[in-house]
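Dear colleague,

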Amino acid sequence: MEGKGAYNRHARLQAGGGALALPQLEEAARKIELGPSDQPVVIADYGSSQGKNSLAPLRGAIRVLRSRLGTNRPIFTYHIDQPANDFNSLFAVLDTDSDRYALDEPNIFPCAIGRSFYENVLPDNHVNLGWSSYAAVWLSKIPMPIPGHFMMLGSTGAVRAAFDQQGARDWEAFLALRARELRFGGRLVIVLPGLDDRGVAGFESIFDHANAVLAEMVDEGEIKAEERERIVLGAYVRRLSDLVAPFGTEGQFNGLIAECCEMSVLPDAAWLSYEQHGDKELLAAKHASFFRATFMPSLTQQSIEQAASVEQQHHFADRFEQRLKRRLADEPGPLHSYVQLLVVAKVGAVP
Ligand SMILES: C[S@@+](CC[C@H](N)C(=O)[O-])C[C@H]1O[C@@H](n2cnc3c(N)ncnc32)[C@H](O)[C@@H]1O
């Protein structure tokens, strides 16, 4: 995600998707087993980025937990992300944001862990309540290049099959690791962008425009063709059937059961405002900033020389964003997308 707090400023789409899951997160906070009263309660936030979008969910969960625990029992919150994440912005948000969940809460202890969630990030049987929003869509590795596109939604045949395989493997790995970390009676609430039964995600148009921008940049000599070929987004969007597949006919996976698995439509808030104000440039600017803050660092990393300075990377992102904005303003369209919600509970022993 783009650093210096940019993701926090431009990830309203993800905030909207996360908000749809707040009732289920609060219900999970009501249902979890709290364990011995002399031990802290542990909340884990898997893929927190810079933290702004974690504040409302964690505040809601903590409010429910406090009503069960009273004020004295310590609550540890762990925000987990990749080592390269902008943890400075995360700590600033946790410390000073007016919506911070530790405000007036003396016994909350926020922590951060810089390690991939495709590894164990916390000890076994440690987490009471987990939250992961718009994060497990990122793969542990990119299986192969995508000819003619940079996003798996634009792939077919053997390339798509390789992404399908990686997506299935990573999803099982993610769940199996969380199964270890959860305590018995613990819950994990997962929010993801999704595909409907036809395989449509709802935000194909912005990826196609971005793909056309990359082609323009090659044609006009702004990036080399071989740099363009290296650009692949390590993200994989799943169907609901993919999410429940590991649970099989037994309904269990490594001691986890799926208590809830559903999908809803997330209306594009920027588009709904555009229908009122009619300003195409403003709509395009919002969509382009969302795209840049969420996806540009992954694209930049792969496209330009390893030795490129931060200024060169920034310059590349600026030129890309300007071009994307131009295209989006010329062809305004909504990004109504799908949001999946999965709640899993740990009920059995992990093999
Ligand atoms: C789109 S952001 C979501 C941030 C926030 N949860 C939200 O709902 O807006 C995805 C985050 O997941 C993180 N992420 C991706 N792969 C990861 C991994 N293997 N381990 C830990 N974090 C990862 C990214 O670094 C990024 O900060």
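By class, the shell around the ligand holds seven nonpolar, eight polar and two charged residues (Ala, Val, Leu, Ile, Met, Phe, Trp, Tyr, Cys and Pro count as nonpolar, Asp, Glu, Lys and Arg as charged, and the others, Gly among them, as polar). Please keep in mind that this is a predicted model, in which local features need pLDDT of at least 70 and side-chain atom pairs count only at pLDDT 80 or more, while totals for chains, interfaces and linings use all residues. Residues are numbered from 1 along each chain as its sequence is written, and side-chain values use heavy atoms, with hydrogens and water left out.

Of the 17 residues around the ligand, those that come nearest are Tyr7, Gly47, Asn53, Asp81 and Phe117, where a residue is near if one of its heavy atoms lies within 4 Å. A polar backbone atom of phenylalanine 117 is 2.8 Å from a nitrogen atom of the ligand, and a backbone N or O atom of serine 133 likewise lies 2.8 Å from a ligand nitrogen atom.

Turning to the helices, the axes of α2 (residues 12–20) and α3 (residues 22–31) come within 4 Å and cross at roughly 45 degrees, the axes being lines fitted to C-alpha atoms over the stretch in contact and the angles running from 0 to 180 degrees between N-to-C directions. Helices here are DSSP runs (H or I, at least four residues), numbered from the N terminus.

With kind regards

Note on methods
A polar contact is a pair of N or O atoms within 3.5 Å; within protein, one must be able to donate a hydrogen and the other to accept it, and residues adjacent in sequence count only if both atoms are side-chain atoms. Helices (H or I, at least four residues) and strands (E, at least two) are DSSP runs, numbered from the N terminus.
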